[in-house]
Amino acid sequence: MLTLDKITSQQAIELEDKHGAHNYHPLPVVLSKGKGVHVWDVEGKKYYDFLSAYSAVNQGHCHPKIVNAMSRQAETLTLTSRAFHNDMLGKFEKYITEYFSFDKVLPMNTGAEAVETAIKIARKWAYEVKGVEEREAQIIVAENNFHGRTTTVISFSNDENARKNFGPFTPGFIKIPYDDIEALENAIKSSKNVAGFLIEPIQGEAGVYTPADDYMSKAKALCNKHNVLFMADEIQTGIARTGSLLAVCGNCSCENHCERQATYSRPDILILGKALSGGAYPVSAVLADNAIMNVIKPGQHGSTFGGNPIAAAVGMAALEVVKEENLALNSRVLGKLFRSELNKYIEESSIVKLVRGRGLLNAIVINDSEDSSTAWDICIALRDNGLLAKPTHGNIIRFAPPLVMNEEQLLDCVSIIIKTLKQFEK
Ligand SMILES: *Cc1c(COP(=O)(O)O)cnc(C)c1O
């Protein structure tokens, strides 16, 4: 059987090229195994994973607890649809809402679906609670956002590559510069019809743009004051990635779970995905309190797979791992170490301009023109040296290893990265 035959990297790449849509441009490496912070290619070469599937694999590859929960559930009951109840969904809903301190959750599968769900909830809330006139609701978003790939979500992207020839687009979005409180205030005041402000606490895809420390709390206060929903897309930044359970926890020093709820910028709508399953399965979720979530009534929104028993089992296990293994603290400590080690190198580097980020969501900016291939070439050299990372927009390389990394491994990775960068110094 074809699926059991061993193939070479070259063959695997050729198969994808011939039979798959060309909607990605992967780094030429073909992976066939993963464990913790490592992945292996089909020829058996071992790499550090410094992308973690865009922060979906925070808990490390094939975490035994998550894999066990998944396989046990897969042998018992996989899918009922929401036409019937199942005995896992309610347990998951209780667990995740207590974990993040919200009244209710609406489970979906992918990140983009969760963003769509959040937009629908915010619009419905605007009409039915806030009293916005029908069809007039607006949602404020930031320039250079990334919230997924559906037609509505790309409607408010400003990545031409993501938009070109996919129109017509969904109206009802106001775009403002990121990390600009005045622009937010002006946008909120410009219309009575603003339902929500949809924001990434750190812009991951755009190149790990980290806003001012008080941006999120000021944005939240403005939203509160003007009866606008503060909607945090934590699909990439959440679940311990940035050194706290959520990035909106900011510089809060609590361990995994936020005890200072009064001071953290608690969103009205929280959007999660990616690491909510530890990369084992597509699981996403939208969390909100009753006053918001109760606008959704039977038949008004749904998904065949959303909230299925496997997703519920995997989601609980994945969140338990984050607490049991203190991943937020580890991410915070190792992230500081990573940036300080790289900063020492950057002082004397002509090829790297800067490193930025929070926790283990970091990026370096390469000192070259946006359209040069330097970042790509560096990623190829990193691959050859045993570490996998991918350029993001322009000449920026994101570094986001699994959060189960230890200090020794991180220092090993830093030396691989520096050794590689040295090959590119002029
Ligand atoms: C990845 C991502 C999404 C989209 O998630 P998918 O599962 O790919 O649909 C949305 N928002 C942010 C911030 C993301 O990083």
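Predicted model: local features only at pLDDT ≥ 70, side-chain atom pairs only at ≥ 80, totals over all residues.
Colleague: What makes α12 roughly parallel to α14?

Modeller: Helix α12 (residues 327-346) and helix α14 (residues 407-422) pack at about 25°, with axes 10 Å apart. Angles under 35 degrees count as roughly parallel, so α12 is roughly parallel to α14. The crossing of α12 past α14 is right-handed.

Colleague: Which residues of α12 and α14 make the contact?

Modeller: From α12, you get L334, L337, F338, E341, L342 and Y345. On the α14 side there are E407, L410, L411, V414, I417, I418, L421 and K422.

Colleague: Why is strand β4 called largely enclosed by the rest of the structure?

Modeller: Buried means under 20% relative accessible area. In β4 (residues 104-108), 4 of the 5 residues are buried, so the strand is largely enclosed.

Colleague: What does β4 pair with, and in which sense?

Modeller: The partner is strand β10 (residues 284-288), in the antiparallel sense over 5 bridges. Across from L106 you'll find V286 in β10.

Colleague: And what makes β5 largely enclosed?

Modeller: Strand β5 (residues 138-142) has 4 of its 5 residues buried, so the rest of the structure largely encloses it.

Colleague: How do you know that β5 pairs with β6 and with β7?

Modeller: Pairing takes at least two bridges between the strands. β5 has 4 with β6 (residues 173-176), in the parallel sense, and I140 sits opposite I174 there. With β7 (residues 194-199) β5 has 3 bridges, in the parallel sense, and Q138 faces V194.

Conventions
Residues numbered from 1 in each chain as written. Heavy atoms only, no water. Axes fitted to C-alpha atoms, helices over the stretch in contact; angles between N-to-C directions. Helix = DSSP H or I, 4+ residues; strand = E, 2+ residues; numbered from the N terminus. Parallel < 35°, antiparallel > 145°, perpendicular 65-115°, else oblique. Left-handed = near helix turned anticlockwise from the far one by under 90°. Contact = heavy atoms within 4.5 Å. Buried < 20%, exposed > 50% of the residue type's maximum accessible area, 1.4 Å probe, protein only.
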